[in-house]
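Here's a quick tour of some ring pairs and a helix contact. Have the sequence and the 3D view open as you read.

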Amino acid sequence: MRKNIVAGNWKMNKNVIEAQQLMFQLLEYKKNNTSNCEIWIAPPSLYLMMAKDLYENNEIGVFSQDMSEHESGAYTGEISADMLESIDADGALIGHSERRQYHGETDSHCNRKIKLALDKGLIPVYCNGETLEQRKAGQHLEVVKNQTEVALFTLSAEEIKKVVIAYEPVWAIGTGETASPEQAQEIHAHIRNTIANKYGKEVADEISILYGGSVKPENAKEIFSQPDIDGGLIGGAALKIADFAQIIEGFN
């Protein structure tokens with residue numbers, strides 16, 4: 001079901017003491033404030049069990065930053081869907097631009113991971129988006145359409161409704177640059193229309209599509225007010241409780 005979501009991707013940040021402190025701060029914030037969105041975090045994998053133990057009542061969703069396309073075996077350093085399921089994790093980010101850039105992930109890899117996540121009852125947060133070169137060349141709509149089709153179009157209608165999509169223009173990640181609300185809305189609507197053309201409008205309208213390009217406290221409310229933007233996948237601003245809280249309040 002379509003819902004408002006603010007998800008924090010901690011990336012490779014925080015030692016164990018810092019991570020625990022931020023998790024406690026988030027829990028206190030959640031207990032003492034009314035939010036009009038779900039709050040999710042994707043901490044480094046070392047801290048997933050700590051997060052699940054702390055959020056024993058599922059106050060905050062706990063996601064891995066990645067998961068393997070393989071069920072098990074000799075894949076050093078990988079995390080399997082079974083492992084995530086066994087600690088009651090909620091899901092995993094799949095296809096983040098940094099995984100694509102530094103680890104050579106493709107949308108075919110994403111497709112296999114998404115299907116495996118769904119088979120294990122996990123929520124896949126599928127990330128896509130264009131580079132600066134592709135946007136300047138006017139290819140952004142076609143790029144995002146192709147990514148969406150390769151990663152998702154082998155799923156059934158019931159399966160695709162369980163996927164959360166995070167559109168992240170690569171040129172706006174960690175650069176301080178942000179797509180205008182209108183630019184972001186254009187792509188979000190395009191993704192939703194791409195899905196509607198295959199699965200129908202009713203299915204497309206049930207999918208949450210998050211924006212993941214340098215959302216900050218000062219622009220969150222305007223971005224979240226766009227009709228096809230259902231929240232944000234937040235990077236740097238998720239590492240400080242004050243900033244993350246203000247972004248969450250963009251839905252209030």
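Which ring does the charged end of Lys-198 sit over? That would be Tyr-199, with the charged end 5.6 Å from the ring centre (NZ of Lys or CZ of Arg within 6 Å of the centre and within 35 degrees of the ring normal).

This is a predicted model, where local features need pLDDT of at least 70, side-chain atom pairs count only at pLDDT 80 or more, and totals for chains, interfaces and linings use all residues. Residues are numbered from 1 along each chain as its sequence is written, and side-chain values use heavy atoms, leaving out hydrogens and water.

Searching the whole structure turns up four aromatic pairs (Phe, Tyr or six-membered Trp ring centres within 6.5 Å; planes under 30 degrees apart are stacked, over 60 edge-to-face, the rest tilted). Two of them are:

| Pair | Centres | Planes | Type |
|---|---|---|---|
| Trp-40 and Phe-63 | 4.3 Å | 25° | stacked |
| Phe-153 and Tyr-199 | 5.6 Å | 80° | edge-to-face |

Trp-40 in strand β2 and Phe-63 in strand β3 are 23 residues apart (strands are DSSP E runs of at least two residues, helices H or I runs of at least four, numbered from the N terminus). Both Trp-40 and Phe-63 are buried (under 20% relative accessible area, 1.4 Å probe, protein chains only). Phe-153 is buried too, at 18%, as is Tyr-199, at 14%.

The contact between α1 and α12 involves residues including Leu-22 and Tyr-29 of α1 and Phe-244 of α12 (heavy atoms within 4.5 Å).

How values were computed. Buried < 20%, exposed > 50% of the residue type's maximum accessible area, 1.4 Å probe, protein only.
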